[in-house]
Amino acid sequence: MLARMKRPLSGVRTLRSRQSWSTFMIAVAWLCAGLAAALLALIVLYAIRRGAAALNLQFFTHLPLPVGIAGGGVANALIGSVEIVLMASLFAMPVGIFAGIYLGLLGRGKLAYSVRFLSDVLTGVPSIAIGVFAYTIIVVPTRHFSAISAAVALAIIMLPIVVRTTEEAVRLVPAAIPEGALALGIPTYKAILLVTVPVARAGIVTGALLSVARVAGESAPLLFTAFGSSFWSPNPNTPTSALPLLIFQYANSPYRDWQQLAWGGALSLIVLIFAINITARLMFRRMAVR
Amino acid sequence: MIAGRTLSAEKTLQTEHLTAYYGSVCALKDVSMRFEAGAITALIGPSGCGKSTLLRCLNRMHEIIPGTRVEGEVRLDGKNLYDPAINATEMRQRIGMVFQRPNPFPTMSIVDNVLAGVRLTNKLRDRTQLQELAEQSLRKAALWDEVKDQLHRSGTSLSGGQQQRLCIARALAVEPEVLLMDEPASSLDPISTTKIEDLMRELKGDYTFVIVTHNMQQAARVSDYTGFLLAEESTPGHLIEFGTSSKIFTTPKDKRTEDYITGRFG
């Protein structure tokens with residue numbers, strides 16, 4: 001087979017040999033696709049096998065209990081995760097969406113180029129470094145860990161994702177749309193925000209949701225910021241628990257109960273992120289223009 | 001609201017030594033011409049002769065492309081539209097534009113498309129007045145009968161010819177004095193083309209039309225005046241000849257005009 005492959009494409013190869021080569025390559029493609037899907041399936045199945053036992057009403061409604069006492073839950077970590085991610089979205093989305101609109105529709109020249117470049121660089125900064133950054137600018141001056149500092153760290157991770165997906169989405173809108181609006185005497189800002197951007201709404205919302213899915217499972221930046229807690233922490237200015245932190249801490253512990261909780265947490269996190277991804281796809285289909 | 005008005009002569013649009021650039025490339029050089037109020041003026045010429053650029057200079061749509069520049073003047077009411085004191089956005093409510101490809105706003109219904117101009121400029125808020133305006137504009141654009149039962153469907157659900165008439169209705173709804181049409185029928189079938197030509201004839205008198213077209217039969221059929229533009233070697237697009245359409249298409253003075261209208265080039 002390999003020897004045949006090295007021959008020039010034209011000439012001697014028969015239809016039959018080309019057909020069998022094609023069949024072989026299609027099989028290889030199937031195999032690779034299957035492998036990719038199988039890895040995901042393995043992780044999910046394993047998490048279900050180990051974690052499902054931990055899931056019960058108490059798991060979702062109770063605080064963690066001290067070692068040795070059976071039961072307990074991760075309710076504070078669930079709420080903490082949601083709280084931190086919501087705050088991060090609140091910080092990152094307005095800035096990210098407007099920056100994306102600027103880059104996609106208005107930005108030209110050096111400023112736009114720099115913003116685009118820096119945003120790409122930001123995508124590549126390790127999340128732990130962003131955690132250290134949030135630690136330095138918020139935790140150190142305030143002298144305590146907090147949900148807010150964690151939200152800032154996650155917002156920084158979300159920002160470039162939101163910027164670039166928004167930019168791509170608005171860029172796909174044909175230039176004839178804003179031109180048509182301007183030709184009616186509609187002011188530029190309205191032509192952009194009320195006529196052009198709505199055409200791109202599906203892409204913008206999908207990008208925003210995918211950025212949420214991306215940060216919901218981040219643990220490294222939370223180590224220096226949210227820090228974790230065994231209690232309810234309704235005040236966002238205090239140390240707060242979060243699912244990834246809980247998984248990290250409990251999975252490292254030598255106690256079976258806690259390890260069990262960690263598996264349950266991992267499973268809930270997977271399900272949560274999976275749900276966000278599905279929602280993003282459904283929203284895209286629903287909101288897509290035309 | 002404006003039915004039956006006649007445009008007075010001082011509403012004539014005119015250019016004075018208009019020159020336009022894309023970056024360092026000059027696309028249009030020293031064009032001085034008049035667009036008679038209430039008449040239809042056609043701009044003809046081969047591709048790249050600057051006729052679309054000229055059209056886009058008339059309501060300052062040229063300048064929204066980055067790196068472009070305009071010299072000279074465009075006057076309406078005797079006022080230079082390029083005067084720094086003139087607000088381009090407000091001015092475009094007086095000089096509307098219809099594009100080559102129909103571009104209804106895809107997120108809006110038919111009626112919202114028609115009313116977009118007045119709503120988004122806060123010119124009109126009253127619901128009954130808005131409804132009246134929508135109907136009036138759609139009637140003028142000869143689209144009312146076809147869409148009156150589906151006003152809340154998406155504008156993009158219409159056929160190409162209907163979409164273009166929707167865009168005309170949308171442009172008419174802001175009650176401009178001048179309507180610039182950039183090859184408005186080039187992407188349409190012959191029946192839709194006829195409809196658009198008919199409605200232009202119907203509406204002239206109330207509106208000044210400037211139409212760019214590749215189609216010389218169309219220019220001859222529909223326009224009162226015709227300007228022929230040409231870009232020649234080493235010379236950017238400029239006005240070769242201007243006159244009544246009957247003259248231009250029967251007894252052109254310039255050899256190049258004659259060659260073009262007889263189909264010898266372009």
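Two strands are taken to pair if DSSP finds at least two bridges between them. Helices (H or I, at least four residues) and strands (E, at least two) are DSSP runs, numbered from the N terminus. The model is predicted: local features need pLDDT of at least 70, side-chain atom pairs count only at pLDDT 80 or more, and totals for chains, interfaces and linings use all residues. Residues are numbered from 1 along each chain as its sequence is written, and chains are lettered from A and ligands numbered from 1 in the order in which they are written.

In chain B, strand E9 (residues 225-232) pairs with E10 (residues 235-244) in the antiparallel sense, over 7 bridges. Phe228(B) stands opposite Glu241(B) of E10(B). The two strands, E9(B) and E10(B), form a hairpin with 2 residues between them. Ser234(B), in the turn, has a positive phi of about 70°. E9(B) also runs parallel to strand E3 (residues 40-44) of chain B, joined by 4 bridges. There, Ala42(B) has Thr226(B) as its bridge partner. Of the 8 residues of E9(B), 7 are buried, so the strand is largely enclosed by the rest of the structure. Buried means that 20 or more other C-beta atoms, placed from the backbone, lie within 10 Å of the residue's own.

The contact between the chains takes 18 residues from chain A and 24 residues from chain B. Residues are in contact if their C-beta atoms, placed from the backbone, lie within 7 Å. Helices H8 (176-183) and H9 (188-199) of chain A each supply at least two residues of the side that touches chain B. H8(A) gives the largest share, 6 residues.

Note on methods
Buried ≥ 20, exposed ≤ 12 C-beta atoms within 10 Å, placed from the backbone. Contact = placed C-beta atoms within 7 Å.
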